[in-house]
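Open the model in your viewer and keep the selection tool at hand. This tour goes from stop to stop.

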Amino acid sequence: MRPWLVRAAFLAVVVGCMAWSLDGRWDEVARAVRRVHPLALAAAVLLTGGGLLATSVVWRRTLAAFGHAVPRREARSVFFVSQLGKYVPGAVWAIGVQARLAARHAVPVRVTVTTALTFTGIHLLTAGLLGGALVAAGAAPAPGPRWLWGLGALACVGGFVPVVNRRLLRRAAGTDLVVGWRDSLAVVGLMTVAWACYAAALLLLVEDRSPALLGALAGAFALGYVAGVLVVVAPAGLGAREATFVAVLAPVTGLPVATAIALLARLVHTVADVVLAAVSWRPERATADGPATAGGAARPELSVPAGTVRSHDDDRL
């Protein structure tokens with residue numbers, strides 16, 4: 001099948017799944033949108049996009065830690081286009097598309113898959129840390145003793161200890177993971193920016209923009225993210241994320257407001273994903289000396305600094 005036909009079919013499936021994710025709720029979405037000033041809605045999309053950009057840097061740094069340094073523009077193209085795959089049920093499409101696009105830069109499938117799983121793990125750990133800490137501090141309501149939530153948050157910190165990461169991921173990727181405390185702290189810093197952007201975007205979607213509500217929004221969104229990832233059959237966490245978000249936030253804002261924010265958050269993140277994929281997309285172009293590359297990008301030997309690529313035990317999955 002021709003490449004453009006594959007891409008067109010993929011985009012058609014993504015658009016269909018995006019529409020299906022809000023099927024039967026368009027009236028609620030429309031009512032929720034009408035409650036928000038257009039400028040606030042646009043600012044929320046921009047902030048969400050800023051958070052997603054920060055996560056793209058995390059993905060690129062993770063890939064580089066496995067010895068594959070992809071140039072920034074090409075990395076953003078691979079990352080944001082492949083992220084559309086998360087809207088297709090099955091949880092594997094985003095990774096599959098990512099593996100195919102990253103292969104243009106001589107990244108083995110095994111490394112791409114391990115990078116994607118590590119990237120998801122980073123999100124889970126930081127979301128668990130943020131959500132647990134906010135519940136323990138009393139900023140976000142959740143069932144169970146607060147000390148237990150605090151303990152869970154501390155357990156998430158353990159996932160960023162370099163020696164733990166190296167031992168766990170070396171065997172999965174088939175190559176060494178070069179990561180130290182500076183890298184771990186940099187990733188945590190980037191994820192802090194991402195979660196802060198997401199929370200600030202949510203604050204723009206409500207009438208009460210008090211700082212006290214910011215903690216509840218951040219906690220609800222982080223815990224909703226964890227629930228959405230754990231329910232792997234839900235495309236982009238559909239349903240599980242919103243249900244958890246509403247359950248945590250409703251005691252603070254009331255059920256109608258929490259439901260409206262959950263729908264708007266889904267809409268804002270979907271729009272931000274589509275916009276970033278559109279502006280980052282780089283078409284394959286044939287070169288005179290070989291197969292097509294992304295946006296006319298240099299072949300792998302130019303995109304990977306000399307000496308950074310390591311041998312792999314086995315590149316097969």
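Select W195 and Y198. Both sit in helix α9, three residues apart, about one turn of the helix. W195 counts as buried, because its relative accessibility is 6% and the cut-off is under 20%. Y198 is buried too, with a relative accessible area of 5%.

Now select the whole of α9, residues 181-203. The helix has 23 residues and reaches 33 Å from its first C-alpha to its last, close to the 33 Å expected at 1.5 Å a residue. Its buried residues include S184, V187, M191 and L203.

**Step back: the whole chain**

Show everything. This is a predicted model. The protein has 13 helices and two strands. It has 317 residues, and 47% of them count as buried.

Colour by pLDDT. The mean is 78, and 72% of residues reach 70 or more. Confidence is highest in α3, at a mean of 93, and lowest in helix α13 (residues 300-303), at 38. Over residues 286-317 the pLDDT is below 50, though this stretch has 64 contacts in the model beyond near neighbours in sequence. Where pLDDT is low, the predicted coordinates should not be read in detail.

**Next: helix α3**

Select residues 38-65, which make up helix α3. How far apart are its end C-alpha atoms? They are 41 Å apart, which agrees with the 40 Å that 28 residues should span at 1.5 Å a residue. After α3 comes G67, whose phi is positive, near 95 degrees.

**Then: a ring cluster**

Select W59, F79, F80 and F119. Ring pairs link these four into a cluster. The count of aromatic pairs comes to seven. One of them joins W59 and F79: the pair is tilted, 5.9 Å centre to centre, with 40 degrees between the planes. W59 lies in helix α3 and F79 in helix α4 (residues 72-83), so the pair ties together parts 20 residues apart in sequence. Is W59 buried or exposed? W59 counts as buried, at 1% relative accessibility. F79 is buried as well, at 2%.

**Last stop: S280**

Select S280, in helix α12 (residues 255-280). At 10% relative accessibility, S280 counts as buried. Its side chain reaches the backbone oxygen of L276 at 2.7 Å. Leaving aside neighbours within four places in sequence, S280 is in contact with R76, S77 and F80. F80 also belongs to the ring cluster.

Terms used. Residues numbered from 1 in each chain as written. Predicted model: local features only at pLDDT ≥ 70, side-chain atom pairs only at ≥ 80, totals over all residues. Heavy atoms only, no water. Helix = DSSP H or I, 4+ residues; strand = E, 2+ residues; numbered from the N terminus. Expected span 1.5 Å × (residues − 1). Buried < 20%, exposed > 50% of the residue type's maximum accessible area, 1.4 Å probe, protein only. pLDDT = per-residue confidence, 0-100. Contact = heavy atoms within 4.5 Å. Polar contact = N/O pair within 3.5 Å; in protein donor to acceptor, adjacent residues only side chain to side chain. Phe/Tyr/Trp six-rings, centres within 6.5 Å; stacked < 30°, edge-to-face > 60°.
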